[in-house]
Amino acid sequence: MKPVTGKILWALLASLFVLPAAYLLLLSFSASWHFPLLFPDALTGKWWSLGFTSRFALLGSMGLSLGIAAGVSLLSTFAAFFSSRWMALSRYRSALLLSAYFPFVLSPVVLAAATYIFFVRLGWNGTVAGVAFAHFLIAYPYAVILFSGYWNERLLTMDALAATLGAGSFQRYRRVLFPLSRGVLALALFQTFLISWFEYGLSSYIGLGRVPVLTVEVYRYISEANPHVAAVASLLLVFPPLLMLWVNKRFLIRLI
Amino acid sequence: MRILEKKSLKIRYLHRKAGLTLHVLLTLLPLAAGAVYALLYSVGLAGSLAAGFTLRYWESLVSRGTLWQTFAYSAYIMGVSIVLSYASALAMVISARGRLMERKGSRIFYLPLAMPALVLAFFAFRFLSGGGWLASLAFGSGLIASPQEFPELVNDPYGLGIIFVHFLLAFAFFSIYLDRVYANERIEEQVQSAQLLGAGYRQSLRRVVWPMILRKTWPAISLYGLFVFGSYEVPLLLGRSTPEMLSVRIVRMLSRFNLDDRPEAFAIVFAYMMLTVLLVFLLRKSKGGLR
Amino acid sequence: MRKRTTNKPAAGRMGLAALFILAFLSGSCRQAGSREARDPLQMSWEEVLQEARGSSVHLMMWQGDPFINRYMNEYVKPKLDSLYGIRLVLLEGQGNRIVSQVMTEKEAGIRRGGIDMGWINGETFYQLRQIDGLFGPFVEKLPNSRYIDFDNPFIAFDFQQAVEGYECPWGNVQQVIIYDSLRVPDPPRNLEALAAYLKAHPGTFTLSNDFTGMTLLKAFLVELAGSPDTFYGAFREQTYLKYSGMLWDWINGHKKYFWRRGETFPDAVAPLHQLFISGELNFSMSNNDAEVDNKILQGLFPETTRAYVPDHGSIQNSHYMGIMANGANKAGAMVLADFLISPEAQWRKADPAVWGDGTVLATEKLPPEWQKKFASIPHRKYSPGRAEIGKKAIREFDAEYMIRLYEDFRKKVIEN
């Protein structure tokens with residue numbers, strides 16, 4: 001590639017990637033902005049202040065989303081950490097891993113539609129716990145797959161060694177496995193957090209509109225033809241992942 | 001002592017078994033239960049419309065061609081999005097010789113990954129529609145005189161808006177991912193040794209780089225493709241009334257006034273589930289597939 | 001010692017596993033824990049109020065309009081809480097979602113469902129009645145129901161079906177076509193004029209593939225048939241086939257002049273409005289005849305926007321509140337319904353600056369001070385007068401027509 005074309009291409013890409021966030025930021029501060037204006041006619045902070053009033057309660061939604069995502073992330077990461085270790089030792093290792101791929105590749109909203117009747121039966125539809133459990137059903141297999149390549153010979157040998165030296169299983173997790181696995185655990189925690197944080201279809205289906213997580217609210221404002229508040233809510237949704245990008249960009253590389 | 005040891009081993013074994021049982025329950029049970037229910041519903045054996053075994057819902061789906069249409073349209077969106085994004089990402093990575101992410105400012109490649117599909121779809125609508133920002137730009141520069149003259153980029157027949165969003169997400173992902181594969185697999189060194197052996201640059205690309213990268217990234221491509229295939233919020237906002245992508249169609253049919261649509265929707269659910277099961281098995285069988 | 005540490009989590013996990021299996025397979029948790037509430041129809045109103053105090057009511061409603069949402073969130077919610085100690089929870093969803101939810105709950109054998117009350121229209125009423133999904137008759141039980149204008153056929157009948165106390169009227173509206181008088185000085189008043197307009201300005205008109213769009217199609221049917229009387233009374237297959245056939249022919253004949261050549265349609269009114277605002281469309285429409293005032297006040301429509309009813313007339317209908325037969329909180333829902341038809345709530349709602357929804361009360365039955373208040377509701381500035389468009393009002397047809405229109409619009413127009 002010639003340096004000039006390369007630079008142009010690079011600039012083009014940069015603008016394409018930055019554009020969505022920049023556009024939404026401007027939209028959230030614009031009094032009104034429609035065809036054929038290239039830029040909003042006036043800037044205002046009213047949508048942001050409005051977003052945090054009791055009517056929109058975006059802060060509450062954000063808290064709810066954060067809570068659900070944090071819970072799902074913790075639970076699925078640790079559950080998957082244990083089960084992937086057992087799987088590594090199991091005779092049926094590959095079959096067990098395969099079973100994690102099914103919920104992982106299925107469209108979450110179709111998973112919700114297919115299992116909705118059971119959620120209703122259990123009285124879990126329209127509840128925070130139900131939505132969190134549904135998120136868990138897709139975040140957990142993801143974490144299992146993430147960990148599946150992690151349990152290599154070396155790690156298992158170290159674990160076995162610790163056992164031979166008399167460490168109980170609790171001690172082995174605390175003293176050997178967790179410290180060794182800090183990196184991959186952090187990765188799984190953040191990525192399962194994002195899976196839950198970004199999930200819309202499943203949340204809206206299982207939530208029955210009673211669990212106003214942030215994505216559901218964004219959709220609501222879009223369909224209410226209230227683009228400015230939708231932009232505010234969208235930015236709230238983008239903020240935590242951006243923070244992650246700043247902390248460690250590796251956390252964002254995930255398949256879903 | 002030895003008895004105690006044996007006992008503890010046995011307990012550990014049981015404990016592992018319980019954990020793995022739980023694993024199967026969490027991954028397979030909801031799916032299996034959902035699939036069985038969907039199947040029963042679609043043949044008139046479950047649900048409030050159940051009136052004994054019948055194939056008429058399946059027949060009606062097949063005869064109207066809706067089943068194929070939905071699957072074909074989803075496959076089309078998937079194919080175009082993946083091929084475009086993968087090819088462009090690969091071109092970028094190869095031309096940067098696997099050092100794309102070492103460039104200054106390469107962090108912006110991560111930006112789309114920090115955005116949920118829903119938000120990107122919302123942006124795409126505001127950006128690409130006839131009354132959107134690009135149209136305003138075209139109007140300002142005198143290219144169009146009214147929004148009606150702006151080409152259809154969202155809710156359009158070819159799914160351009162949907163493809164745009166999926167492209168943005170997948171291109172960013174593949175760029176970072178392929179760049180890493182290029183470095184990890186020491187592809188640059190292979191290229192150089194191929195060239196030492198007398199291969200031209202193009203030839204080394206075709207014979208060395210391409211096969212190596214493809215073999216290594218095949219599972220990721222397939223999995224990403226399956227996500228695009230089942231995507232929901234993007235076509236929900238940017239798609240048109242017909243044809244619809246799979247997830248959108250299923251959800252719409254499940255909440256329609258015509259109650260006959262419910263068994264048909266469950267038939268599509270079942271068909272889709274079986275298709276994914278089949279694909280996952282094929283993927284595992286294929287060379288270099290799922291571990 | 002070691003034994004205990006390993007044993008405990010194993011037991012815990014076993015227990016959890018068992019719990020999930022049980023939960024997924026048996027699924028009768030919800031009923032087991034719930035107490036069987038007394039039938040509020042057998043209680044005095046005082047007892048209903050008492051029963052409702054401290055409870056939550058889950059109301060599923062369409063939330064596609066900021067004004068309506070604000071009315072519910074900033075007026076109804078706090079009032080209901082301060083007056084009756086009831087917490088109102090709004091769930092997003094239209095009629096079809098309500099029907100689908102109630103059906104799923106029936107299929108799951110749930111006696112205490114997730115929705116207590118729904119904001120419904122004729123076709124939802126019809127379907128919910130068919131699956132015995134509605135609770136009642138409860139309307140007579142409500143103290144404020146004595147003010148309801150049941151002599152008005154537009155209120156007492158919902159899609160030709162007698163309401164019979166199974167849903168409580170909430171508002172009454174008439175459909176209007178919205179246009180920008182700057183862009184369209186002389187809007188088309190019948191199908192022929194519309195066809196001419198479409199040919200001259202292709203791509204500037206469409207209808208939403210939802211309740212509002214189907215309601216417009218009914219008015220088209222009336223023009224094709226020459227009179228609304230053709231469609232009054234019970235559903236007649238022959239009538240439907242004859243005139244809907246003409247309708248599809250007309251639409252398909254002019255499809256290429258529709259927005260996006262009639263290959264796709266906006267799926268709700270909100271996107272239709274947005275296309276109108278952005279200038280892609282020259283027309284929008286609404287089932288709320290005061291919509292133009294409401295949207296100009298929000299700063300969304302330009303001040304030159306106007307609304308009208310074409311010569312073929314337009315549907316006037318009422319919208320209602322229905323209580324679900326399997327709702328968990330019927331007493332609370334009844335109190336909410338009573339509050340919504342109270343003179344104050346109805347009066348507020350009728351103000352174009354709040355919502356502009358027509359009242360269902362017979363104002364002459366109200367105490368004099370309320371009569372005065374209703375008489376002094378600020379006039380609409382941009383929307384046509386209710387009395388004026390009321391002359392061209394068409395009653396709703398049997399619900400079956402609506403359901404068939406939905407179905408055939410998809411099969412014969414969209415998928416054609």
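Helices, of at least four residues, and strands, of at least two, are DSSP runs numbered from the N terminus. The model shown in these views is predicted.

**View 1. Chain A has 12 helices and 0 strands.** Read from the N terminus, the elements of chain A run α-α-α-α-α-α-α-α-α-α-α-α. Along the principal axes, the C-alpha atoms of chain A fill a box of roughly 70 × 60 × 30 Å. Chain A has 256 residues, and buried residues make up 53% of them. Of the contacts in chain A between residues at least 6 apart in sequence, 69% join residues at least 24 apart.

**View 2. Chain B meets chain A through 68 residues of chain B and 64 residues of chain A.** Several helices of chain B each supply at least two residues to the side that touches chain A, among them helix H2 (29–42), helix H5 (117–128), helix H9 (201–229) and helix H12 (261–285). Helix H1 (2–27) of chain B is also one of these, and H1(B) gives the most to that side, with 8 residues. Sorted by class, the side of chain B that touches chain A has 49 nonpolar, 12 polar and 7 charged residues.

**View 3. The largest nonpolar core has 177 residues.** The residues with the most contacts inside this core are A:Ala113, B:Ala121, B:Ala124, B:Val165 and B:Val269. H7(B) gives the most to the core, with 16 residues. Leaving aside residues up to four places away in sequence, A:Ala113 touches A:Tyr205, and from chain B it touches B:Ile250, B:Val251, B:Leu254 and B:Val269. A second, separate core has 79 residues, including C:Ile68, C:Phe159, C:Val335 and C:Phe409. In soluble globular proteins, nonpolar side chains tend to be buried together.

**View 4. Chain C is divided into domain 1 and domain 2.** Domain 1 of chain C covers 40–173 + 317–385, and domain 2 of chain C covers 176–315 + 391–414. The centres of the two domains, taken over C-alpha atoms, are separated by 27 Å. Where they meet, 24 residues of domain 1 of chain C are in contact with 29 residues of domain 2 of chain C. On the side of domain 1 that touches domain 2, the elements giving two or more residues are helix H4 (66–84), helix H6 (122–130) and helix H7 (153–156) of chain C. H6(C) provides the largest share of this side, 3 residues. By class, the side of domain 1 of chain C that touches domain 2 of chain C has 12 nonpolar, 8 polar and 4 charged residues.

**View 5. Chain C holds an open sheet of 3 strands in the order S8-S7-S9, with antiparallel pairing.** Strand S8 (283–286) and strand S9 (305–308) of chain C stand at the edges; each has a single partner strand, so one side of each is left without a neighbour in the sheet. From one strand to the next, the twist averages 30°. Strand S7 (residues 176–180) of chain C and S9(C) run antiparallel and are joined by 4 bridges. Within this pairing, C:Tyr179 has C:Arg306 in S9(C) as its bridge partner. Helix H11 (residues 269–278) of chain C packs on the sheet, where it touches S7 and S8 of chain C. The direction of H11 of chain C makes about 150° with that of S8(C).

Conventions: Residues numbered from 1 in each chain as written. Chains lettered and ligands numbered in written order. Predicted model: local features only at pLDDT ≥ 70, side-chain atom pairs only at ≥ 80, totals over all residues. Pairing = 2+ DSSP bridges. Axes fitted to C-alpha atoms, helices over the stretch in contact; angles between N-to-C directions. Contact = placed C-beta atoms within 7 Å. Nonpolar A, V, L, I, M, F, W, Y, C, P; charged D, E, K, R; others polar. Core = buried A, V, L, I, M, F, W, Y, C linked by C-beta atoms within 7 Å. Buried ≥ 20, exposed ≤ 12 C-beta atoms within 10 Å, placed from the backbone. Domains from an automatic or database assignment.
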